[in-house]
Amino acid sequence: MAIKKYIISGLISGLAFALLMAGWDYYKGKPFSALTFLIHSVLFALFNGYLTYRKDQSKLKNK
């Protein structure tokens, strides 16, 4: 049940980051790339999900 929280948190943050980066690329005049969007969303989701997990584990350890 707890892992579901980390997955959802990672997916939401990954998609938000990928959208922001796609907007930034559009602003700079670059064409949209689905591969770059996918890479940004997956890598940031994994990174943020892992950091959320570590933060929660340290909170439980310090109690």
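Figure 1. The model shown is a predicted one. Asp56 forms a salt bridge with Lys5, and the closest N and O atoms of the pair are 2.7 Å apart. Since Asp56 belongs to helix 2 and Lys5 to helix 1, the pair ties together parts that are 51 residues apart in sequence. Lys5 counts as partly exposed, with a relative accessibility of 47%. Side chains of opposite charge can pair when their charged atoms come close. A search of the whole structure returns one salt bridge.

**Figure 2. Helix 1 and its buried residues.** Helix 1 covers residues 2–27. The buried residues in helix 1 are Tyr6, Gly10, Ser13, Gly14, Ala18 and Asp25. Helix 2 is included in what covers these buried residues.

Figure 3. Helix 2 comprises residues 34–62.

**Figure 4. A nonpolar patch on the surface.** Leu35, Leu38, Ile39, Val42, Leu43 and Leu46 form a nonpolar patch on the surface. Together, these residues have about 590 Å² of accessible area. One of them, Leu35, lies in helix 2. Leu35 has a relative accessible area of 57% and is therefore exposed, the limit for that class being over 50%.

**Figure 5. The protein chain as the setting for the close-up views.** The secondary structure of the protein chain consists of two helices and zero strands. Along the principal axes, the C-alpha atoms fill a box of roughly 50 × 20 × 10 Å. The radius of gyration of the protein chain is 15 Å, whereas a compact globule of 63 residues would have a value near 11 Å. Of the 63 residues, 17% count as buried. The protein chain exposes about 5,300 Å², of which carbon and sulfur atoms supply 72%.

Note on methods: Residues are numbered from 1 along each chain as its sequence is written. This is a predicted model: local features need pLDDT of at least 70, side-chain atom pairs count only at pLDDT 80 or more; totals for chains, interfaces and linings use all residues. Side-chain values use heavy atoms; hydrogens and water are left out. Patches are made of residues with over 30% relative accessible area and no salt bridge: like charges are joined within 9 Å, nonpolar side chains (Val, Leu, Ile, Met, Phe, Trp, Tyr) within 5 Å. Accessible areas come from the Shrake-Rupley method with a 1.4 Å probe; for residues, only the protein chains shown count as cover. A salt bridge is a side-chain nitrogen of Lys or Arg within 4 Å of a carboxyl oxygen of Asp or Glu. Helices (H or I, at least four residues) and strands (E, at least two) are DSSP runs, numbered from the N terminus. Buried means under 20% relative accessible area, exposed over 50%, partly exposed in between (1.4 Å probe, protein chains only). The expected span of a helix is 1.5 Å times one less than its number of residues. Contact means heavy atoms within 4.5 Å. The radius of gyration is taken over C-alpha atoms; the globule rule is 2.2 Å times the number of residues to the power 0.38.
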